[in-house]
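Let's take a walk through this structure together, one spot at a time. Have a look at it first.

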Amino acid sequence: MPRHLSTPNLPETAVCHMLVAEFACPRLAAALAAHGVQVLPAPKTMSLPYRVNDHADMNCRHLGGKELMVFRDALLHPDMNAAGLKVIRSATPAGEKYPADAALNALLLSGFVFHKSDITDPALRDALAERGYEPISVNQGYTACSVAIVDENSVITADERIAAEASDIGLDVLLISPGHICLPGYDYGFIGGACGKIAPDKLAFTGTLKHHPDYARILAFLTERGVEAVFLTEEPCFDCGGLIPVTQL
């Protein structure tokens, strides 16, 4: 039987279920299934900007175990039941404009929560405090979107402030060039929204990074940490709101 991830984003074994934006499920389902992963449509919140209203990193935050926080006005796809998640509703509704759209978009890693602390949903803030997460406030509200988690000590980001703060607490950081990731309707997307761990030693990307100026540096950074890059499609890498692992073997 699948087990829930005890630590958000970081599977201990091969992943069984991932939350993926509904629009991206048909594009990624077969490739992920080849790795034993079943895609589940992420929650959808109609009050979010319509181009990202089904993005997992915008809509929800896995707290570890069965617990998943979603916006209080989020719509849940019935297929999500397959993961056996316990849904917790946010204190505030989502909004179409920043910062209301980013209230759940916090990065959780190594006992820290990176977010613009004054916009974090109060229910999320309380839930993370109860779990012992130490807040690190940054100017970026979309921290989960902005960071690719490689392992518990390593991240990739194009955000200089997040990179600096992560380095200050002892994390290994690869700072890359911004852009070069597709997100229709926006100038560009973010690397955290274009990937997710499908196993302890595999980081899956929505598409190829071959045209990214830091392609070689990204591959080297992953290889140095024993993590394989898995390119799920031959499309240019695109931001779909991240691939959020919730159960594992």
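A residue is called buried when its relative accessible area is under 20%, exposed when it is over 50%, and partly exposed in between, using a 1.4 Å probe and protein chains only. What you see is a predicted model, where local features need pLDDT of at least 70, side-chain atom pairs count only at pLDDT 80 or more, and totals for chains, interfaces and linings use all residues. Residues are numbered from 1 along each chain as its sequence is written, and side-chain values use heavy atoms, with hydrogens and water left out.

With that in hand, take Phe205, which is buried because its relative accessible area is 0%. Rings of Phe, Tyr and Trp (its six-membered ring) pair if their centres lie within 6.5 Å; planes under 30 degrees apart count as stacked, over 60 as edge-to-face and the rest as tilted. Four aromatic pairs turn up by this rule. In one of them, Tyr188 and Phe190 are edge-to-face, because their planes stand at 70°, with the centres 6.2 Å apart. Tyr188 is partly exposed at 38% relative accessibility, and Phe190 is partly exposed at 25%. Phe205 and Phe231 make a tilted pair, 5.8 Å centre to centre with 45° between the planes. Phe231 is partly exposed, at 26%. Ring pairs also bring in Tyr215, giving a cluster of Phe205, Tyr215 and Phe231.

Charges meet rings here too. The rule is that NZ of Lys or CZ of Arg is within 6 Å of the ring centre and within 35 degrees of the ring normal. Arg27 lies over the face of Phe238, 4.0 Å from the ring centre, while Arg225 has its charged end over the ring of Phe221, 3.7 Å from the centre.
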